[in-house]
There are 2 protein chains.
Amino acid sequence: MSPAVEVTLAQFLQEQRALVDQELERLLPRADEYPVTIHRAMRHSVFAGGKRLRPVLCLEAGRLASGEEKPLRRVAAALELIHTYSLIHDDLPALDNDDLRRGQPTCHRVFGEAMAILAGDALLTLALHALAEPGLCLAERQLRMISDLTRAIGTPGGMVAGQVADLEAANGAADAEALEFIHRAKTGAFIAASLRAGALVAGAAEADLDALAVYGEKIGLAFQIADDLLDVSGTSAELGKTPGKDDRQRKATYPGRYGIETSRRRAESLVREATAALERFGARAQRLREMAQYLIERTA
Amino acid sequence: MSPAVEVTLAQFLQEQRALVDQELERLLPRADEYPVTIHRAMRHSVFAGGKRLRPVLCLEAGRLASGEEKPLRRVAAALELIHTYSLIHDDLPALDNDDLRRGQPTCHRVFGEAMAILAGDALLTLALHALAEPGLCLAERQLRMISDLTRAIGTPGGMVAGQVADLEAANGAADAEALEFIHRAKTGAFIAASLRAGALVAGAAEADLDALAVYGEKIGLAFQIADDLLDVSGTSAELGKTPGKDDRQRKATYPGRYGIETSRRRAESLVREATAALERFGARAQRLREMAQYLIERTA
């Protein structure tokens, strides 16, 4: 990738993040709204930074189907609320016990465990409330989007199931199958559903939905492998979270099982496969292609 | 209430509970489905007993509008999943730190804190997935039901907000306004939304929805006052949870603020007001009238 293109992608991502943050600002209760502590806790974690990866993927997927911006932004912001809920709960002492996230103290470090648990609950609930707002798109499509997304973030095959398998694989040797399940369920399913959510709201054709799902699953896996690699090689300042934790917690990781070089090659081949799935969209999918590459080249 | 009527209501409630439990069995992942621990944890708490109050209110509200049984049962079961999620999270050590619930060891006592947090998350997510199942009723109404319900269980005015206000009022003197907010948000909003959910899925008229909302808010408050009174007077065997905890945790309660006699009278007058709101439905609302009375006469 040439530096010129990279700057352009970086600028694009920055613009998109600003759009998503504006919508998040609209969605979230104000920090002074009673009972204030939980609204402060929700805002602390949502606005602690973050790449807004899932929202931007959702927006770009919807734009491929010429979707209207307003409902797309609503859905995109709701996805970030869901992502933030999952981070808050994952960081809790009973789970990954993390002090830092996105370069900030984690929610429970600032507001205590009780408030962090409830802030996560409230963010998930608010996200679903936003997604069910009457009139975002054709009601049947909207229901399908909620159904699809809640499958991707729950059990038995979604994000919560992936987190459970991840916890259970720690302190033990995860076999190849368990590792694949963890990555697919914990990260891949939600990323794929984020793309599908944008496409569904925009009224995309079935074949387009399928192509975006393939792209999403591939980059989801690539993203998780890149994340594991960063945990090995990154610094705390770069990551905004504590590096080397996977190893200390004996987490099941790609580099842990297959080594760094094989993991890098696997991530690269997944990105190639993801990009190939976008062929039907031609030049209009250029940003999604760049983002796939960015995911494995990023340093944070 | 005569003993003959009481037996009939008891039988009715038992039948309805059985219907709800059948539907819950259909909705929940099997206990042997991978990753098994979370599915066992979800089932442990859902099938630990419980009155299935919200589902039965939902079913009866829907039947007033001659709603079909199948979608009503689906919605009713989803409400119980949401209720169970809230109990699991409320019982966590960082929140109410309860060992007993519905006469069984709480989720975190059996499965650990991490699994209890995730089981709650998974139950909430599964509930929304069930509620969004395409084709339950007219799609526009279904979206409105999800929107309404997620408002009632989140922040700033719903169940999570009520739980936050409750936590913050502990160890301090809650004023009358805070106490009213806690009861309304923590219990009343979800109970009212449960009735409205049944009515919405069944296609009830707006005036019927409004009447059911009034009934729901009144019995929600009455229920919470009765619960506070039981915490003062009940035994562990009757309650299936540890009594006297409100007082030890210096929770804001009606009896604590207004005394036992005034609280009883307030609960009774709320039940009268609730019953009055049902007048438009005539004899068909008999079960809902009986249930309102039952709520403040129960011993568990």
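Predicted model: local features only at pLDDT ≥ 70, side-chain atom pairs only at ≥ 80, totals over all residues.
Which residues does Lys218(A) touch, not counting residues up to four places away in sequence?

Leaving aside residues up to four places away in sequence, Lys218(A) touches Leu270(A), Glu273(A), Ala274(A) and Ala277(A). Take Ala274(A) from that list: it sits 56 residues from Lys218(A) along the chain, yet the two C-alpha atoms are separated by 5.4 Å. Is Lys218(A) buried or exposed? It has 24 other C-beta atoms within 10 Å, so Lys218(A) is buried.

Now let's bring in chain B. As some background, two copies of a chain are related by a rotation about an axis and a shift along it. Here, a rotation of 180° with 0.0 Å of shift along its axis puts chain B onto chain A, and the RMSD is 0.0 Å. That is the relation of a two-fold axis. If you want to find the axis on your screen, look for Ala139(B): of the residues of chain B, its C-alpha comes closest to the rotation axis, at 2.7 Å.

What about the interface itself? There are 45 residues of chain B in contact with 45 residues of chain A. On the chain B side, helices H2 (36-46), H6 (113-131), H7 (139-152) and H8 each supply at least two residues. The largest share of that side, 11 residues, comes from H6(B). By class, the side of chain B that touches chain A has 26 nonpolar, 11 polar and 8 charged residues. And 100% of the interface residues of chain B are also interface residues in chain A, so the copies meet through the same surface.

Let's zoom in on one pair of helices across that interface. In general, two packed helices are described by the angle between their axes and the distance between the axes. Helix H6 of chain A, residues 113-131, packs with helix H8 of chain B, residues 159-169, at an angle of about 165°, and their axes are 10 Å apart. That makes H6(A) roughly antiparallel to H8(B). The crossing of H6(A) past H8(B) is left-handed. From H6(A) come Ala114(A), Leu118(A), Asp121(A), Ala122(A) and Thr125(A), and they meet Val160(B), Gln163(B), Val164(B) and Leu167(B) from H8(B). Sorted by class, the residues of this contact are 6 nonpolar, 2 polar and 1 charged.

Most residues other than glycine have a negative phi, and most peptide bonds are trans. With that in mind, have a look at these spots.

In chain B, the peptide bond from Tyr34(B) to Pro35(B) is cis, with omega near -10°. Pro35(B) is in the loop between helix H1 (3-27) and H2 of chain B. The bond from Thr155(B) to Pro156(B) is cis too, with omega near 0°, and Pro156(B) lies in the loop between H7 and H8 of chain B.

For positive phi, go to Ser66(A), where the value is near 55°. This serine is in the loop between H3 (53-64) and H4 (69-91) of chain A. Arg52(B), though, is buried, with 24 other C-beta atoms within 10 Å.

How values were computed. Residues numbered from 1 in each chain as written. Chains lettered and ligands numbered in written order. Axes fitted to C-alpha atoms, helices over the stretch in contact; angles between N-to-C directions. Helix = DSSP H or I, 4+ residues; strand = E, 2+ residues; numbered from the N terminus. Parallel < 35°, antiparallel > 145°, perpendicular 65-115°, else oblique. Left-handed = near helix turned anticlockwise from the far one by under 90°. Contact = placed C-beta atoms within 7 Å. Nonpolar A, V, L, I, M, F, W, Y, C, P; charged D, E, K, R; others polar. Buried ≥ 20, exposed ≤ 12 C-beta atoms within 10 Å, placed from the backbone. Least-squares fit on C-alpha atoms with pLDDT ≥ 70 in both.
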